[in-house]
Amino acid sequence: MEKANGCISRPSRKRKLPQEGNDVLNFTLDELSDDLLERVLSWLPTSTFFRFNLVCKRWKSVAASESFKLACSRIPSREPWFFMVDPNLNQSVVFDSAERSWKKLSHLPLLSQNCNCNSIPVAAVGGLVCFRNMSGDYFVCNPVTGSCRELPPVNPDSHHRSLHAIAMNAYSNYHGSYKLFLVSGDLPKLSYKVYNSSADCWEEEIMLRKKTDDCTGFEFDSNDDNDAVYFLSKAGNVVATNMQRSPSKQFSSVITHKDGEEIVYFLSSSGTVVACNLTQKHFSKYPRLLPVFLEYSIDVVECKGEMLVVMLSEFFESASIRVWRFDEKTKTSNQIAGMPPSMSHEFYGKKVDINCLGAGNQIFICLSSAELCSYVRCDIVTNEWVEVPKCCLNGEVMEFMSAFSFEPRIEASV
């Protein structure tokens, strides 16, 4: 040890890298085996997959291999993309939540056929989106790869009954194992059908009974949804309380798993939430959040395996958007998030329709009316509300009525 300026200097304990022979610093991806390279590349954002072909021949070969798709299937989750629906139903535009940017996808082949030109997306799960055409037929697509599969026709008798809900559930992205659920009928006589992709067929229709046991706290009154209720608004107009719905969300519904049970939730014509337990084969109605004579827009979403309700309502000369969770123990709804009044006030008096979807801890909300079109993302954990930038294509601002959330997965099989 030496003294310097009255202080004792000690030898440095920092380890120095060798100047020569440092193989780690000279390491490149070219030295990886094909198996390791596929594992590394599978963690890249999905948007980069479109550029693989431009890097080199080896990466182009990796992108086309089945083993690479298998490696991608092992990634637990990916940041969602939101498939946007415009009024003309002729655009394939997505919002990439990871990059916070808009992307235009190649138009899906089946959508270009004359019989499917007016098809609308009706459900999504994992990396797949389901469409329904004007004839009531369905086809499932992977929006990233463009692969599509037309499902067998539904029993013609089903077209004569009111369709309330369309929901999807995936059991394996890579092997294309999923189910499509249809809930139909006239309340209180409901039934459901299931399309099973593994068997490539529709299963037998199953009737749902009304749940009336005392432990639920729910009681279903069929008269509540027979007809719309009309009242005189403050502006002197006669208004019907039937919920305004975007054409693409007229079958607005979500599916959850709770204690091993599959439950489909949808909105009745008067805005009440109906829960259909497909495992127990019964249905029930949730208590109404607001009186039937009030004007409001409402939607259901699924976040982290539970159903939430998003509602836009007007009170005291202002508008509010709030997120509610139903507590089955207390039989009450509790607010878990609310848009700041400074943001929600602009929607007051504009007859705004909200169409929402959940993805993890986030809710994506499309707000549309004759006067405005806006998109907002809400984090239900932090109660953070962020407006999504407008989408511009060819110098024009695009307007979307609703959206469907899916994970961008190239391995998702239809």
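Reply: Start with Cys303, which counts as buried at 1% relative accessibility. Keep in mind that this is a predicted model.

Me: Why is Cys303 called buried?

Reply: Buried means under 20% relative accessible area. Cys303 has 1%, so the label buried applies.

Me: How do you know that Cys303 is in no disulfide?

Reply: A disulfide needs two cysteine sulfur atoms within 2.5 Å. For Cys303, the nearest cysteine sulfur is that of Cys378, 8.3 Å away. A search of the whole structure finds 0 disulfides.

Me: What is the relative accessible area of Cys141, and what is the residue called?

Reply: Cys141 has a relative accessible area of 0%. The limit for buried is under 20%, so Cys141 is called buried.

Me: What is the overall make-up of the protein?

Reply: There are 4 helices and 31 strands. The protein has 414 residues, and buried ones make up 48% of them. Of the contacts with a separation of 6 or more, 52% are between residues 24 or more positions apart.

Me: What puts the buried residues of α3 on the same side of the helix?

Reply: The buried residues in α3, residues 66–73, include Phe68, Ala71 and Cys72. They cover an arc of only 100° around the axis, so they lie on the same side of α3. In general, an α-helix has 3.6 residues a turn, so residues three or four places apart point the same way. Among the elements that cover the buried residues of α3 are α1 (34–41) and α2 (57–63).

Me: And which residues are buried in α1?

Reply: Leu37, Glu38 and Leu41 are buried there. Their arc is only 100° around the axis, which means they sit on the same side of α1. The cover over the buried residues of α1 includes α2 and α3.

Me: Why is Thr256 called buried?

Reply: Thr256 lies in strand β17. Its relative accessible area is 2%, under the 20% limit, so Thr256 is buried. Leaving aside neighbours within four places in sequence, Thr256 is in contact with residues including Glu261, Ile263, Tyr265, Glu302 and Met307.

Me: Where is Leu290 placed, and why is Leu290 called buried?

Reply: Leu290 is in the loop between β20 (282–285) and β21. Leu290 has a relative accessible area of 13%, which is under 20%, so the word is buried. Setting aside neighbours within four places in sequence, the contacts of Leu290 are Tyr296, Met311, Ser313 and Phe315.

Me: Why is Asp259 called exposed?

Reply: Exposed means over 50% relative accessible area. Asp259 has 77% relative accessibility, so Asp259 counts as exposed. Asp259 is in the loop between β17 and β18 (261–267).

Me: What makes the phi of Asp259 worth a remark?

Reply: Most residues other than glycine have a negative phi. Asp259 is not a glycine, yet has a positive phi of about 55°. Glu317 is not a glycine either, and has a positive phi of about 65°.

Me: Is Glu317 buried or exposed?

Reply: Glu317 has 56% relative accessibility, over the 50% limit, so Glu317 counts as exposed. Glu317 is in the loop between β22 and β23.

Me: Which residues does a cis peptide bond join?

Reply: The cis bond joins Leu187 and Pro188, with omega about 5°. Most peptide bonds are trans. Pro188 is in the loop between β11 (177–186) and β12 (189–196).

Me: How many cavities of 30 Å³ or more does the structure hold?

Reply: It holds 1. The largest cavity has a volume of about 130 Å³. Of the 17 lining residues, those closest to its centre are Val273, Pro287, Leu289, Val309 and Ser333. By class, the lining has 12 nonpolar, 3 polar and 2 charged residues.

Me: And what is the volume of the largest pocket?

Reply: The largest pocket has a volume of about 1000 Å³. Its lining has 42 residues, and Ala124, Val125, Glu302, Gly358 and Ser405 lie nearest the centre. β10 gives the largest share of the lining, 7 residues.

Notes:
Residues are numbered from 1 along each chain as its sequence is written. This is a predicted model: local features need pLDDT of at least 70, side-chain atom pairs count only at pLDDT 80 or more; totals for chains, interfaces and linings use all residues. Side-chain values use heavy atoms; hydrogens and water are left out. On a 1 Å grid over the protein atoms alone, a cavity is a set of points where a 1.4 Å probe fits but cannot get out, and a pocket is an open set with protein on both sides within 12 Å along at least five of seven lines; lining residues have an atom within 4 Å of a point. Grid points are joined across faces, edges and corners, and a volume is the space filled by probe spheres set on the points. Ala, Val, Leu, Ile, Met, Phe, Trp, Tyr, Cys and Pro count as nonpolar, Asp, Glu, Lys and Arg as charged, and the others, Gly among them, as polar. Buried means under 20% relative accessible area, exposed over 50%, partly exposed in between (1.4 Å probe, protein chains only). Helices (H or I, at least four residues) and strands (E, at least two) are DSSP runs, numbered from the N terminus. The arc is that of the directions from the helix axis to the C-beta atoms. Contact means heavy atoms within 4.5 Å.
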